[in-house]
Amino acid sequence: AAAANQDPIEFRLAHLSGRPRETHLLRMLAQHSGWGSPLASGRARGVALHESFNSIVGQVAEIEIIDKSLKVHRVVCVVDCGLAVHPDNVIAQMESGIIFGLTAALFGEITVSHGRIEQANFPDYPMVTLADSPSIETHIINSGAPLGGIGEPGTPPIAPAVANAVSTLTGARVRKLPIRL
């Protein structure tokens, strides 16, 4: 989308003809995230779409760079798992997947010194905490498609959504995790 100088959601929609679940999900994601509406100065949005275990998940991350640090303010997630048998569980899985994925995207680095892993336990391995956590909204589509999995699909889209937002702000593509500015 960036190379084609096109809106990221419109670009995806143009390449998903014949894929009604993905198209509906992206349109709903754009609506709920306020895609295209103005943001506060210094903020940007990024989008990503992922399919696994017969579930489709789209996420929009709204970010800001403050003093060379990345702050994720808001994540909007739309999930189509066919039918949400237990909607509260679906929401919980999406939220936990987003936090897990954000931890990997922002902090997930394991370092080795003198042949040993330096991160011995949680005090040596930073994670997204409640204070760092963005506002997360999850919206469920009951499409009637065959039931999909819900444990893992919330994790993969968050890093690319954040990376795409970083690229919008900085002009540089993120190609490596954890994201470093």
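Visitor: Why is glutamate 109 counted as partly exposed?

Guide: In this predicted model, the relative accessibility of glutamate 109 is 35%. Buried requires under 20% and exposed over 50%, so glutamate 109, at 35%, counts as partly exposed.

Visitor: What makes the pairing of arginine 180 and glutamate 109 a salt bridge?

Guide: The side chains of arginine 180 and glutamate 109 meet at 2.8 Å, N to O. The criterion is a nitrogen of Lys or Arg within 4 Å of a carboxyl oxygen of Asp or Glu, and the pair therefore qualifies. The bridge links distant parts of the chain, 71 residues apart: arginine 180 is in the segment after α4, and glutamate 109 is in the loop between α3 and β4 (112-113).

Visitor: Is arginine 180 buried or exposed, and how do you know?

Guide: Arginine 180 has 52% relative accessibility. Exposed means over 50%, so arginine 180 counts as exposed.

Visitor: Which residue forms a salt bridge with arginine 74, and what does the pair tie together?

Guide: Arginine 74 is bridged to glutamate 137, with the closest N and O atoms 2.8 Å apart. Arginine 74 lies in strand β3 (residues 69-80) and glutamate 137 in strand β6 (residues 135-141), so the pair ties together parts that are 63 residues apart in sequence. Glutamate 137 has a relative accessible area of 25% and is therefore partly exposed.

Visitor: How do you know that glutamate 51 and arginine 19 form a salt bridge?

Guide: Their side chains meet at 3.2 Å, N to O, and the limit is 4 Å; the contact therefore counts. Glutamate 51 lies in strand β1 (residues 43-52) and arginine 19 in the loop between α1 (8-14) and α2 (20-33), so parts 32 residues apart in sequence are tied together. Arg19 and Glu51 are also linked with Glu22 in a network of salt bridges.

Visitor: How many salt bridges does this rule give?

Guide: The count comes to seven salt bridges.

Visitor: Which residues make the contact, and what are their classes?

Guide: Ile98, Gly101, Leu102 and Ala105 of α3 meet Ile158, Ala159 and Val162 of α4. By class, the contact has six nonpolar residues, one polar residue and no charged residues.

Technical notes:
Residues numbered from 1 in each chain as written. Predicted model: local features only at pLDDT ≥ 70, side-chain atom pairs only at ≥ 80, totals over all residues. Heavy atoms only, no water. Contact = heavy atoms within 4.5 Å. Helix = DSSP H or I, 4+ residues; strand = E, 2+ residues; numbered from the N terminus. Nonpolar A, V, L, I, M, F, W, Y, C, P; charged D, E, K, R; others polar. Buried < 20%, exposed > 50% of the residue type's maximum accessible area, 1.4 Å probe, protein only.
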